[in-house]
Amino acid sequence: MDWIEAHPVRNSPFWQAVRHIVETLEPDAAAPWFARFAWVNLYPAAPADPKGNPIGALKEAEDPYVGALLRSTVDVLNARRVIALGGPYWWHAAEGAGLSSLPELPRPLLRGGRSEGRTWVVGWHPTGASRRHWGPHAYAGKIAEAVGTIEDPAG
């Protein structure tokens, strides 16, 4: 992931939020921020022109596999924390990941809790959160706060 440091996309709301989240939740100064997380695109087949997330028939073709892809990836990585930044765009596909019973959280987050020994926080994509006046830094703080509450409810 070291490519992200020099790539212009690093300034997008998504990558800015990811950096803030990683630096807050995994503050190991011995490793760069991009070496402290794993990332997966829940809709891996996407149009090249214009770039973006799949819509229409392509999205519908991928929908049945989103939950299983997420669950399999998390299992393979043996993740202890999962921050899913997809928003309501994919949430209906969460059934395949067994996450539909996670408690609701206030916006810009959607759901969060513990499942199979892991902390889960599901929220809007950072671009969508930014459009709703939650900039990357504030949004990352909200996510970190939710993780803290889930992992240490006594505070």
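**Entry 1: strand 2**

I started with strand 2, residues 109–115, and found six of its seven residues buried, so the rest of the structure largely encloses this strand. Buried here means under 20% relative accessible area, exposed means over 50%, and partly exposed lies in between (1.4 Å probe, protein chains only). I took strands as DSSP runs of E with at least two residues and helices as runs of H or I with at least four, both numbered from the N terminus.

A note on what I am looking at: this is a predicted model, where local features need pLDDT of at least 70, side-chain atom pairs count only at pLDDT 80 or more, and totals for chains, interfaces and linings use all residues. Residues are numbered from 1 along each chain as its sequence is written, and side-chain values use heavy atoms, with hydrogens and water left out.

**Entry 2: the partner strand**

Next I looked up the partner of strand 2: strand 3, residues 118–123, pairs with strand 2 in the antiparallel sense over six bridges. Pairing requires that DSSP finds at least two bridges between the strands. I saw Leu109 opposite Gly123 of strand 3. The hairpin has two residues between its strands, and Glu116 there takes a positive phi near 50°.

Buried or exposed: which is Ala129? I found Ala129 buried, with a relative accessible area of 1%. Ala129 lies in helix 4, residues 126–131. Leaving aside residues up to four places away in sequence, Ala129 touches Pro108, Trp124, Trp134 and Tyr139. A contact means heavy atoms within 4.5 Å. I also checked Phe14, which is 115 residues from Ala129 in sequence, while their C-alpha atoms are 9.6 Å apart.

Then I turned to Tyr65, in helix 2, residues 56–77. Tyr65 counts as exposed because its relative accessibility is 58%. Asn41 is 24 residues from Tyr65 along the chain, and their C-alpha atoms are separated by 12 Å.

**Entry 3: the whole chain**

Finally I stepped back. I counted five helices and three strands, in the order α-α-β-α-β-β-α-α from the N terminus. The chain has a radius of gyration of 15 Å, which agrees with the value near 15 Å for a compact globule of 155 residues. That radius is taken over C-alpha atoms, and the globule rule is 2.2 Å times the number of residues to the power 0.38. Buried residues make up 40% of the 155. Of the contacts between residues at least 6 apart in sequence, 59% join residues at least 24 apart.
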